[in-house]
Amino acid sequence: MKRGPFAKSMLTMMAVGLVLSVAGYAMGGSTAVYWDHGTPRGVTRDPVNLSVAESIQFTELDVHTSMADVRVVSGSAFSVDAQYETGEPGYELDGNVLRVYDSGTENIMSISGIGFYGGSANKMTVTVPRDVKLERINVRGDVGDLQLRNLSASAMSAAASTGKVEMWDCSTDQLTVYADTGSVYLNNSQAVRAELKTGVGGIHLSDVETVEALTAVSSVGSVKGSADLSGDISVRSDVGSIDLVLAQSRAQYDVDAKADIGAVKISPELTNPTDAPNRLNLRSGTGSITIKFHD
């Protein structure tokens, strides 16, 4: 029997609605659709909450989530607070290493061979004691934003595959920040050595201090902000501008700045001093370079 245009349109709309419903559930919705003997039905699931506040002694913190917005902050004592629409958060103490994680990697649904990841509404906050300087803090997120605030550790790293990374009022000897798709924001923080890299996204500095070295690389995105940088400084943007305001005077830097396509402006313009204690290497593929010193 042939179906008329109206019937075909209705079937198409139902099929599209079903696909979107399942995809929405997979990406954080609260109602799933399944087939019951050829009939689509819905099922609602309750979110999973984790609230932990106990005395745990650890020297290293490792946080790895598959899909969640994560905050790591300082407080009076250790705690974990998480609200998950999909997946399930958890933690364990492995020797001196506290591991916080989720089971979100299991929440992948496939529609005609296309995968959808669940958990866009997931939230997690990890609090570490403010009076303890940890040996290492490592935060990784596959999908979701990462935020670190008021933390101190000998080594600190944050890596987001899809999402931005924000750091506020942090102090460390060795800082490493990666964002494959998303920007990096570093605010009012200090590091002896720092390495910042983004794939698609900018690097934004505000009142940042480094003592020995800084490497900042953005493949697609600008590098800009204010900082007090010492030692060996290397800044590169393949596609994007470089715009920095530095706290030290021009006489403190041996500057090497080149832009393949774009203007280079250094203020004040002086001949490189022979005894400058700091080295500043700037490279831009497509984009201008603007550096202003405190003179």
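**Notes on the predicted model**

1. Let's start with how the chain contacts itself. Counting contacts between residues at least 6 apart in sequence, 44% of them join residues at least 24 apart. Keep in mind that this is a predicted model.

2. On secondary structure, you'll find one helix and 26 strands in the chain. The chain has 295 residues, and buried ones make up 42% of them. Its accessible surface is about 14,700 Å², with 52% of that belonging to carbon and sulfur atoms.

3. Now the inside. As a rule, nonpolar side chains in soluble globular proteins tend to be buried together. Here, the largest nonpolar core has 61 residues, and Leu 61 and Leu 148 are the ones that touch the most other members. Looking at who supplies this core, strand S19 (residues 203-220) gives the most, with five residues.

4. Leu 148 deserves a look of its own. Setting aside neighbours within four places in sequence, Leu 148 is in contact with Val 72, Ile 137 and Val 139, and also with Met 156 and Ala 158. The rest of its contact list runs Glu 166, Met 167, Trp 168 and Cys 170.

5. Next, the aromatics. How many aromatic pairs does the structure hold? There are three. One of them is Tyr 253 with Phe 293, a tilted pair at 5.3 Å centre to centre and 40° between the planes. This pair links distant parts of the chain, since the two residues sit 40 apart: Tyr 253 is in strand S23 (residues 253-261), while Phe 293 is in the segment after strand S26 (289-292). Both Tyr 253 and Phe 293 are buried. Elsewhere, Phe 58, Phe 78 and Tyr 91 come together as one aromatic cluster.

6. Is Ser 183 buried or exposed? Ser 183 counts as buried, because its relative accessibility is 16% and the cut-off for buried is under 20%. A polar atom of the Ser 183 side chain lies 3.1 Å from the backbone nitrogen of Gly 202. Gly 202 also turns up among the residues in contact with Ser 183 once neighbours within four places in sequence are left aside; the others are Lys 164, Val 165, Gly 201 and His 204.

Key: Residues are numbered from 1 along each chain as its sequence is written. This is a predicted model: local features need pLDDT of at least 70, side-chain atom pairs count only at pLDDT 80 or more; totals for chains, interfaces and linings use all residues. Side-chain values use heavy atoms; hydrogens and water are left out. Rings of Phe, Tyr and Trp (its six-membered ring) pair if their centres lie within 6.5 Å; planes under 30 degrees apart count as stacked, over 60 as edge-to-face and the rest as tilted. Helices (H or I, at least four residues) and strands (E, at least two) are DSSP runs, numbered from the N terminus. Buried means under 20% relative accessible area, exposed over 50%, partly exposed in between (1.4 Å probe, protein chains only). Contact means heavy atoms within 4.5 Å. Accessible areas come from the Shrake-Rupley method with a 1.4 Å probe; for residues, only the protein chains shown count as cover. A polar contact is a pair of N or O atoms within 3.5 Å; within protein, one must be able to donate a hydrogen and the other to accept it, and residues adjacent in sequence count only if both atoms are side-chain atoms. A nonpolar core is a set of buried Ala, Val, Leu, Ile, Met, Phe, Trp, Tyr and Cys residues joined through side-chain atoms within 4.5 Å.
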